[in-house]
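Colleague: I have not looked at this one before. Can you walk me through it?

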Amino acid sequence: MDAAARRRPAPFGISLTSAAVALVFAAPLLYLVSRVAVGDVRLRTVVADPVTRDALWNTIVLATLVAVSAAVVGTALAWVVARSDVPFRRFFAVLVPLPLVFPSFVGALALRASISPGGLLESVLGPFGVERLPQVDGLLGSWLVLTLFTYPYVQLPVAARLRSLSPSVEESARILGRRPLAVFFQVVLPQTRTAIAAGTLLVFLYAVSDFGAVDLLGYPALTRVIYANRLLRRDLALALGLVLAIVALAVTVAERRVGRNAATLPSVRTKWSRTVPLGRWRWPVFGLVVFFLLNALVAPVASLVHWTRRGMASGSLDVADADLWTPVLNTAGIGMVTALVAVVVVLPVAFLGARYRSPVAGPALTLVVAGFALPGIVIALSMVFLSLNTPFLSGLYQTFPLLVIAYVVHFGAQSVRAAGVAIGAVPSRLDDAARMLGADRLRRLVRIDLPLMAPGLAAGAGLVLLSTMKELPATLLLAPTGFETLATRIWGATEANSLAEAGLTAIVLLLVSGVLTWLLVVRRADVLD
Amino acid sequence: MPRSARRFSTSVPTLVTSVLVLLALIAPACSTGGDDRLTVYSGRTKGLIGPLLDEFNEETGIKIDVRYGDSADLALQIDAEGDKTDVDIFISQSPGAVGFLDAEGRLAELSQSELDQVAADFRAGDGQWVGLSGRVRVLVYNTDLVDPADLPDSVLDLTAPEFKGRVAVAPNNGSFQDFVTAMRIEVGEDVAEDWLSGMAANGARPYANNTAIVEAVGRGEVPMGLVNHYYLAKAKAEDPDIPAANHYFAEGDMGSLLIVTAAAIVKGSDKSEEAGRLIDFLLSKAAQEFFAQQTYEYPLVQGVEPDGSLPALASLPTTTIDLDELGAGLARTAELIQDSGLDRN
């Protein structure tokens, strides 16, 4: 049955809740619009300025390249960890999403230190005759670094979708004589299309809003102009933020058109998922995954370890004195709260978009997703000004609730797309059957929808969790005074040129993320155990 | 189906419980103000001032809630908070950010006894902020790649052909901007503008910040870079073998500008007495010695000597310009830097 024809008009409650949620997500955008409307800076003159135009073009070129490469890499890795019999598969399932957790300001610094001229990689390759590696900077460097740090946005949702895909269709294709590669392109890929598109959109928006990596790698993207002007030409910075938001809205709307009409097989929860034997490709694939992780994970970690050991050897870093417990608890706590809130508040919007006919659905989904394209500093400053100047909100300024709201507005896109993919894959016949048996909406949600959506929701929660744990600008400006996270500690250390402390703290952040990813995402999402 | 439903229903309460437990653990870390509390916004990061604030707390019993962040962002935030602000003290890494708040009328006047502890060059002319420590602009270079005899006496000479593509800069860094502002005031707008576009045309390589420049120079990725002096001292403390050294420009050259970090009391603070005590403490011998020995900076209060490995402050060619002009001229500087294209190399 065609999905669109089946859609019912939305219940009023879900529409109203979705509209309210969308309004909160739209807050920074509304602030930007209002400021640009009353400010001296006209959007038209900003866009006509060749400096802005060049920077905007640079941003779009970079984001497009990163989106394409992350889509390819993320999909391939998702398939390998979810479907193949590659050696150490479960081990990879935990490692593969981890590069997402590097805050780009330290990840890019560490990766560059490893693979740039004079770095660790050069000394490893020296005996093999490699004397000088190329520079890692500019467009190519930013493309490489952002791809390596963002492909998990594709990999996590695609792996979740693959795990909930019924093996029977692939089995039939195999039995009918299709070769494994043909099965992948003719059966698996079409069924994961919405998940791939959703993840790719997130990568694009991340690349558009990233400042840390392009700043460290010297690529003239628009976010650098925004940062450079935020103190002294605030109206210009905000107008440029609005330009980014408009790009994001356009791309988000376009992606929704791609995602529509996708043929989807229903999700199933099965003890048995199809594993494709790689045969003689088993070890080459293993080698490829290892090579990839060497770049995305081992190279930056090598620099972090190198810095830490160096500091310990010279006595300038005392690990026992590092006092990391408080930031570890703070980071894990605020990350989990945010992930939970982000998954819950976007559910009505996701349901509205996937299940019902409603004029609210499109705009609500677009607004939720677009929040991800605004640079963190723009969201943080918007929230500062909004909360200070709105009577009943000023009490929330620099409290946990406002901090969590800022995080959710920034990262809710990650959970809403994952939830949308998950809902779209719940077989409607189960819901219909339950309805006919007299189950009310809440009961159907708890007994049917949520359990089937669990892998997708867990993937979305995992993305929000990892993003929140590395978030910097909003944490610095909006957290209660004195609240220290691992990201703020790393930032402080890099600012003071304490690379040893930055390295140690980043390694701890990576470990905490690894443990939480395994406990909350991989273990929950994996139906095979 | 029942199996997965059961799994889900057990995992949700577990998750919620662990979240609540964690919240209970992190909540006490952040307390809301009280009687004997000062709120400090600090552009100096924890490693550069935290131990001093702890010591002040131990000595006086006055607790300090501190928010660390980028000086420019924190200044912007204090300005946005306006009359509602709870902030008592702002500590800035650059004269630019504190000068911005001064110009916006957000600072309170300091007492003359506090101001008098540092030379007039290192404090605001209107008495709204006082310098805490100083950093000197230098050219850090890789000793394997560069012969110090080839390095110029003046920063203005870095536009020469022999430095093409060999100099790293941090165009959006506060210290670099302060340096350009000083150059505009000292040698004129035209010279500054020509120098910026000359550097851009000479292939100067933009980096994010001083840390990134010193790290890249140490690896030999770029032969030299314009930074503040103390980044190298910190890097050498972590790894004494880094093949890098600081080059100081000749006496009186703009390139050797002394850039102060500063403290100010925010207007509207209802704890001006306690805030004054903290400022006094930061200007005390103990605190100034911390800056000299722990952060490798120049203490500004007379009678405290900088680290032995550094040239004495008096022997350094420092530029004496009115630091108020630094803050006020920052907007024009940012515009000049952007127009030069230095950031887009």
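**Where the chains meet**

Modeller: In the contact, 57 residues come from chain A and 58 residues from chain B. Keep in mind that this is a predicted model.

Colleague: Which helix gives the largest share of the side of chain A that touches chain B?

Modeller: That is α16(A), with eight residues.

Colleague: And how many residues on that side of chain A are nonpolar, polar and charged?

Modeller: The side of chain A that touches chain B has 29 nonpolar residues, 19 polar and nine charged.

Colleague: Switching to the core. Which residues of the largest nonpolar core touch the most other members?

Modeller: They are V346(A), V368(A), A406(A), F90(B) and V140(B), out of 293 residues in that core. Helix α16 of chain A, residues 325-355, supplies the largest share of the core, 17 residues.

Colleague: What is A406(A) in contact with, leaving aside its neighbours within four places in sequence?

Modeller: I379(A), A380(A), M383(A), A474(A) and L478(A).

Colleague: Now F90(B). Which way does it point from strand β3 of chain B?

Modeller: F90(B) and S92(B) point one way from β3(B), residues 89-92, while I89(B) and I91(B) point the other way. All four are buried.

Colleague: Which strands is β3(B) joined to?

Modeller: Three bridges join β3(B) to β1(B), residues 37-42, and the two run parallel. There, S42(B) stands opposite I91(B). Four bridges join β3(B) to β10(B), residues 258-266, and this pair runs antiparallel. The bridge partner of F90(B) in β10(B) is A264(B).

Key:
Residues numbered from 1 in each chain as written. Chains lettered and ligands numbered in written order. Predicted model: local features only at pLDDT ≥ 70, side-chain atom pairs only at ≥ 80, totals over all residues. Core = buried A, V, L, I, M, F, W, Y, C linked by C-beta atoms within 7 Å. Buried ≥ 20, exposed ≤ 12 C-beta atoms within 10 Å, placed from the backbone. Contact = placed C-beta atoms within 7 Å. Pairing = 2+ DSSP bridges. Nonpolar A, V, L, I, M, F, W, Y, C, P; charged D, E, K, R; others polar.
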